[in-house]
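Please keep the sequence and the structure in view while reading.

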Amino acid sequence: MDTSTVAELFDFWVDEGQYWLADNAAFLFEWLRFVFEGFYGGALAVLEFSPWFAVATIFGLLAWRIVSLSFGALTTAALAACWAMGLWAETMSTLALVASATGIALVLALPIGVLTGFFPKLDHVVEPILDLMQTLPPYIYLIPAIALLGFGPGTALAATLVVAMPPAIRLTSLGIRTTPIQFVELGKSTGMTPAQMFFKIRLPFAMPSIMAGINQSLMMAFGMVVIAGIVGSGGLGETIYEATRTLDIGKSIDAAIAIVILTIVIDRLTQGLVPSRKDPR
Amino acid sequence: MITVGARKAEPGPNGSRHEPAGGAMLGSPSNSDDVLVDCRSLWKIFGSRASAAMKAVQERGLGKTEVLKEFGCVVGVANATFSVRRGEIFCIMGLSGSGKSTLLRMLNRLVEPTSGEVFVKGRALSSLDAAALRELRARHVAMVFQSVALLPHRTVLENAAFGLEVRGVAKAERHRAAEEALRKVGLGDWLQRYPRELSGGMQQRVGLARALAVDPEIILMDEPFSALDPLIRRQLQDEFRQLTKDLGKSAVFITHDLDEAIRIGDRIAIMKDGAIIQIGTPEEIVLAPADDYVAKFVAGISRLHLVKAHSVMVPVERFRAERPDVDPRRLVTTTPDADIDRLIDLILADPAPGIAVVEAGRLVGVVTVRSLLLGLKGSPTPELAPV
């Protein structure tokens, strides 16, 4: 058989597979879309319900408590700048998308990470999938996803899930696996049950690694929501996409600044939450 | 700090330091109630073909190197048999790679023996299910680690209460017990500190308090003081021995330092290449090393406080034959367990040709300057033997 025929055949079945999914699994994707947009809508409602200065102040106070007073002031000022640029609604929409996507990603990724941490043999299955998720160019799955999940935040959220899950899975698994051996021995020699071993020994020692995973998930999600502007994510991603299409460079820079501000604020906040061994008080 | 009485080599509070022929324990299965831990022919072979290697060892008597060559397996512990009595501190001394840590971990089944059996309080460990094994570890056999392994995000008090927390003891009760244990090791004022605020020696005290808080009968000590500086180490050794004796605990103590084993142990087992090559009291090990390997270790050990009058005295008849002019009954007297340090003092204070050793009112031998010097030098000579 000619190689080109094999390739044609492969492409044919990929297309057929997608049609079949669209025809026969529509209810599943309807349901997924409903769930995704439900989470997104809920997060957005909370953020939109509050006036901009309230949100900016709350983030400022959080940043003060978690990081420092100066960073708190900077956070409030930076968020006020987003409002001043006329991008407040878009910024909140992006934040809602990132928060809901990362939330769903963690609900899935943390248990998977814990499982692969305990059963390294699962790596044979999980590793290739994670490699695929992290290396596949986003456009490859963004466009077909429109056919299944429709144009809108549902698809954007699904695409964000794809990039947000791998770091959380990998770092959770790593954290569970690298419990210092002397503490495993301590646990066993004091007669711990497996559950006690997990909650009192493995999880506390894995915590910094897990938090680093959560932080990385958020960062990947921020990267993705901009690309997802192409499938109607709404928010800053869509603003950038529209502005770039119409060569409105000024507007696209504004939106880019807003996304950078949001990313830095969330990054520092989640990093500050990592339990610090140096200062446990 | 704990005040430590001047324990040189006097018998411990329960007198277990002077037992006749400790070496005879080797291989003698003892069913007495006094035996807390009884190990019979323990083997540990590491490697994927361990059971085949074990079979070959039993059937063909392969040695360590043959097992490695033929099966690619490492013999960790080879045919270890010993028992630990109630109230006894049993030291296992060996260099790194001698299998002592593996042997210790078989006593609470952190390591499964490839062959042989461990009895703790008369119960075979291999017969315990997971729940019974947890129960045994939580209540009866506590362990102290070289790395200390204090949880960094918990206070000293919470760390000391850890074993009781695992057992499900209520907070107030376990904190009370932990505080008591911490006071015993001299850390009563440090309850709310974090481990990183403590020095290495203090951290190991917390490790010991954590083990004591669960009130176990047996404490397994895995080279607990090896990482400490010499002064602190000696202090902790004395405190540990005193505390263990005062509380009536038994301990199996792993060390690579013969000085430490002699300072702490009621009996010492010496390991080499996975096998126990000698078991005995410190005095027995020093005076009668089983082979050249043990003799090399013993060479540098000070005998001043270790060797007793009964080991350096000449029999009465021989003394009479040598010195018919002296009546041994008129010499200055001492007891059989007076150490060499004491004997030197007596000889210096009195110009008489010897010191009479009297046990229960009966003259059992005479220490002369010559016999003292021979004993101090450590060469066993026929001169000291009965005629």
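Ala99(A) counts as buried because 20 C-beta neighbours lie inside 10 Å, and 20 or more is what the term requires. The model is a predicted one, and the points below should be read with that in mind.

**Surroundings of Ala99(A)**
- Ala99(A) belongs to helix 5 of chain A, which covers residues 88–118.
- Although Ala99(A) and Leu218(A) are 119 residues apart along the chain, their C-alpha atoms are separated by 7.9 Å.

**Nonpolar cores**
- In soluble globular proteins, nonpolar side chains tend to be buried together.
- The largest nonpolar core of this model has 110 residues, and those with the most contacts inside it are Ala160(B), Ala178(B), Ala209(B), Ala213(B) and Val252(B).
- Leaving aside residues up to four places away in sequence, Ala178(B) touches Leu157(B), Ala160(B), Ala161(B), Leu164(B), Ala209(B) and Ala213(B).
- Another core, of 69 residues, lies apart from the largest one, and includes Val55(A), Leu79(A), Leu97(A) and Ala145(A).

**Contact between chains A and B**
- Chain A contributes 15 residues to the contact, while chain B contributes 16 residues.
- On the side of chain A that touches chain B, at least two residues each come from helix 9 (181–189) and helix 10 (194–227) of chain A.
- Helix 9 of chain A gives the most to that side, with six residues.
- By residue class, the side of chain A that touches chain B is made up of six nonpolar, six polar and three charged residues.

How values were computed. Residues numbered from 1 in each chain as written. Chains lettered and ligands numbered in written order. Predicted model: local features only at pLDDT ≥ 70, side-chain atom pairs only at ≥ 80, totals over all residues. Contact = placed C-beta atoms within 7 Å. Helix = DSSP H or I, 4+ residues; strand = E, 2+ residues; numbered from the N terminus. Nonpolar A, V, L, I, M, F, W, Y, C, P; charged D, E, K, R; others polar. Buried ≥ 20, exposed ≤ 12 C-beta atoms within 10 Å, placed from the backbone. Core = buried A, V, L, I, M, F, W, Y, C linked by C-beta atoms within 7 Å.
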